[in-house]
Amino acid sequence: MTKKQRAGEIIALLEKEYPLADCTLDYDEAWKLLVSVRLAAQCTDARVNVVVKELYEKYPSPEALAAAEPEQIEEIVRPCGLGASKARDIHKCMNVLVKEYGGKVPEDFDALLKLPGVGRKSSNLIMGDVFGKPAIVTDTHCIRLVNRMGLVDGIKDPKKVEMALWKIIPAEKGNDFCHRLVHHGREVCTARKAYCEKCCLNGVCKAVL
């Protein structure tokens with residue numbers, strides 16, 4: 001079985017197991033997802049979803065966050081960890097959005113990459129979830145699972161994993177596939193232990209075969 005064939009079977013099985021492929025960060029505007037994904041680094045999405053409620057109540061727009069002092073932002077986001085650096089990035093990012101894009105998140109991958117604190121993972125998430133464009137989000141769940149499944153071979157670097165997956169994952173499936181990996185990685189194929197006996201992929205996963 002080729003990696004592309006294995007990927008096709010895995011995608012189909014995950015679609016049945018997790019029909020609702022959604023982002024686990026709460027947001028209703030593009031700029032809020034940009035903020036939340038920065039806060040989610042080394043922090044759970046559940047905690048981020050709690051913390052941002054207070055943040056958005058006090059600063060309800062990119063303009064409001066841009067006008068705030070980084071220290072004021074840090075006071076609120078500190079529970080997410082790395083508060084000082086995350087607050088600085090968010091402050092700088094919102095300033096760029098306001099000054100260069102009128103407060104709107106750009107619909108361009110390379111433009112997103114140039115925003116402070118925004119990397120390939122964040123850019124792909126925005127492109128896929130907000131703009132409905134092809135995207136592959138290589139977060140920790142994705143990297144762990146695709147290595148276990150045999151879709152990539154011992155690759156840990158996020159960009160290299162992303163490039164490898166682009167070759168075997170249909171473009172229109174990539175974003176939802178990565179969301180489903182998050183759900184599967186939390187519920188079944190966890191970092192601590194893979195519960196292969198209850199896994200919907202045990203007939204196709206390389207770790208089992």
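Before we look around, here's how residues get sorted: Ala, Val, Leu, Ile, Met, Phe, Trp, Tyr, Cys and Pro count as nonpolar, Asp, Glu, Lys and Arg as charged, and the others, Gly among them, as polar. This is a predicted model, where local features need pLDDT of at least 70, side-chain atom pairs count only at pLDDT 80 or more, and totals for chains, interfaces and linings use all residues. Numbering starts from 1 along each chain as its sequence is written, and side-chain values use heavy atoms, leaving out hydrogens and water.

**View A. What lines the largest pocket?** The lining has 25 residues, with Lys121, Val137, Asp139, Thr140 and Val182 nearest the pocket's centre. (On a 1 Å grid over the protein atoms alone, a pocket is an open set of points where a 1.4 Å probe fits, with protein on both sides within 12 Å along at least five of seven lines; lining residues have an atom within 4 Å of a point.) Sorted by class, the lining splits into 11 nonpolar, 6 polar and 8 charged residues.

**View B. Helix H2 (residues 30-39) meets helix H6 (residues 83-101)**. Their axes come within 10 Å and cross at roughly 160°; axes here are lines fitted to C-alpha atoms over the stretch in contact, with angles from 0 to 180 degrees between N-to-C directions. So H2 runs roughly antiparallel to H6 (that label is for angles over 145 degrees).

**View C. The residues where H2 and H6 touch**. Trp31, Leu34, Val35, Arg38 and Leu39 in H2 meet H6 residues including Ile90, Met94 and Leu97; contact means heavy atoms within 4.5 Å.

Key:
Helix = DSSP H or I, 4+ residues; strand = E, 2+ residues; numbered from the N terminus. Parallel < 35°, antiparallel > 145°, perpendicular 65-115°, else oblique.
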